[in-house]
Amino acid sequence: MIPYSRQSISEEDIKEVNRVLRSDFLTQGPEVPLFENNLSSYFEAKHAICCSSGTAALHLAYASLGANKESVTIVPAITFVSTANASRHLGSKIIFCDVDPVSGIISINHLEKILEESAKSEAVKNGFICPVSLAGKTAPLDHIHDLAQKYQFSLIEDASHAFGARTDCKDSAKIIRSGDCNLVDAACLSFHPVKHLCCAEGGVLLTNCDKISTKARRLRSHGIQRTHDQNHDRPWFYEQVDLGWNYRMTDIQAALGNSQIKRIDESIRKRREIAKRYHDAFSEPKFTERFSPPVMEDGHAWHLYVIRFHQAKDRDQAYKFLIKRGIMSQIHYIPLYRHPYYQKSSPTEPLLGAETYFERCLSIPLYPELNQTEQTEVIEALSDFISD
Ligand SMILES: Cc1ncc(COP(=O)(O)O)c(C=O)c1O
């Protein structure tokens with residue numbers, strides 16, 4: 001079976017993980033701070049706080065920014081459940097924002113409407129916006145930043161799909177990068193095996209804010225603070241000052257991350273090459289009559305390659321057809337408000353952009369080690385499907 005995505009593990013990665021397995025520290029050793037330094041340099045962020053998953057990073061970000069039962073969090077309807085769940089765990093109310101029907105990215109118009117409405121009704125204490133840079137396309141963080149400032153909402157980018165992604169800025173020649181902490185209070189990434197960089201499980205919270213960083217580091221480790229500086233005679237002393245979690249990343253995971261980050265740009269380059277080859281094939285009229293390939297953009301990091309069928313029924317048939325040909329595809333995502341949990345906790349009328357995107361989208365195989373023969377198999381299978 002050709003999967004829709006998979007990790008890429010080199011001999012060097014295995015050597016690095018083995019080295020740590022033979023070392024003194026499997027956790028709380030030197031690999032995590034080293035990985036944090038590597039990530040801060042890559043993203044030019046002042047702080048990088050590694051943790052056990054992307055979900056944990058989001059949970060830490062919301063918590064460190066003070067989300068609670070009185071908070072409201074606006075998330076795009078098209079995303080993985082974690083974007084909203086991490087905020088729900090703190091008791092916040094979720095508002096689902098519609099998305100662009102072509103890209104699946106949060107709709108600025110709808111976001112502005114939600115913010116206007118919330119400003120009219122009771123003043124929102126502690127509002128949050130969590131846009132998602134879906135599939136590897138950077139969300140319009142500059143627009144969202146302006147809105148967040150205007151309405152005094154905190155801004156967290158869910159950059160789980162967008163390691164190394166960038167896009168043009170709305171009103172200057174500048175480039176916006178996913179994970180740019182000049183535009184957001186915090187950005188969170190996931191290091192799950194299907195993502196650009198794999199730690200087996202893992203995530204990072206990036207921020208330029210010292211206060212968020214200090215709080216997130218403490219919450220990552222039970223809310224414990226080591227205060228032995230003031231207790232010279234008691235070097236073992238520590239205090240729990242918050243109610244935190246054990247969200248630490250292990251040194252084994254960080255060693256894999258440190259090894260993988262050395263070739264991250266090469267790996268994104270390969271993804272771009274594969275996307276370009278799909279694009280060239282699918283630009284032929286016989287394909288475009290039935291589905292649209294995604295829009296090509298220089299800075300797209302291609303976590304996913306999502307085609308959009310013109311007819312919703314074609315999407316489900318294509319999924320089954322591809323399985324028979326040994327090819328896995330995937331749907332990213334079912335609108336969150338459709339899930340039974342959110343139907344109960346945040347009932348939402350269907351949103352047109354999200355419904356349109358969801359009913360037609362199909363993520364087809366894309367990962368750095370997808371070879372040309374396999375990619376040709378995918379293209380031929382889709383060609384057979386449309387002429388079936
Ligand atoms: C958009 C998005 N946000 C958050 C997450 C959560 O990441 P993790 O699986 O590392 O907890 C994922 C992972 O699938 C994701 O795709």
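A polar contact is a pair of N or O atoms within 3.5 Å; within protein, one must be able to donate a hydrogen and the other to accept it, and residues adjacent in sequence count only if both atoms are side-chain atoms. The side chain of Thr55 places an N or O atom 2.5 Å from an oxygen atom of the ligand. This is a predicted model, in which local features need pLDDT of at least 70, side-chain atom pairs count only at pLDDT 80 or more, and totals for chains, interfaces and linings use all residues. Residues are numbered from 1 along each chain as its sequence is written, and side-chain values use heavy atoms, with hydrogens and water left out.

**Ligand contacts**
- Ser160 has a polar side-chain atom 3.3 Å from a nitrogen atom of the ligand.
- Tyr333 brings a polar side-chain atom to 3.1 Å from an oxygen atom of the ligand.
- The protein buries 91% of the 390 Å² that the ligand exposes when taken alone (Shrake-Rupley method, 1.4 Å probe).

**The shell**
- The ligand is surrounded by 16 residues (a heavy atom within 4 Å).
- Gly54, Thr55, Asp158, Ser190 and Lys195 are the closest.
- Helix α3 gives the largest share, 3 residues (helices are DSSP runs of H or I, at least four residues; strands are runs of E, at least two).

**Ser160**
- Ser160 sits in the loop between β5 (153–158) and β6 (166–168).
- Ser160 counts as buried because its relative accessibility is 11% (buried means under 20%, 1.4 Å probe, protein chains only).
- Its side chain forms a polar contact of 2.7 Å with that of Asp158.
- Beyond neighbours within four places in sequence, Ser160 is in contact with Cys188, Leu189, Ser190 and Lys195 (heavy atoms within 4.5 Å).

Key
Buried < 20%, exposed > 50% of the residue type's maximum accessible area, 1.4 Å probe, protein only.
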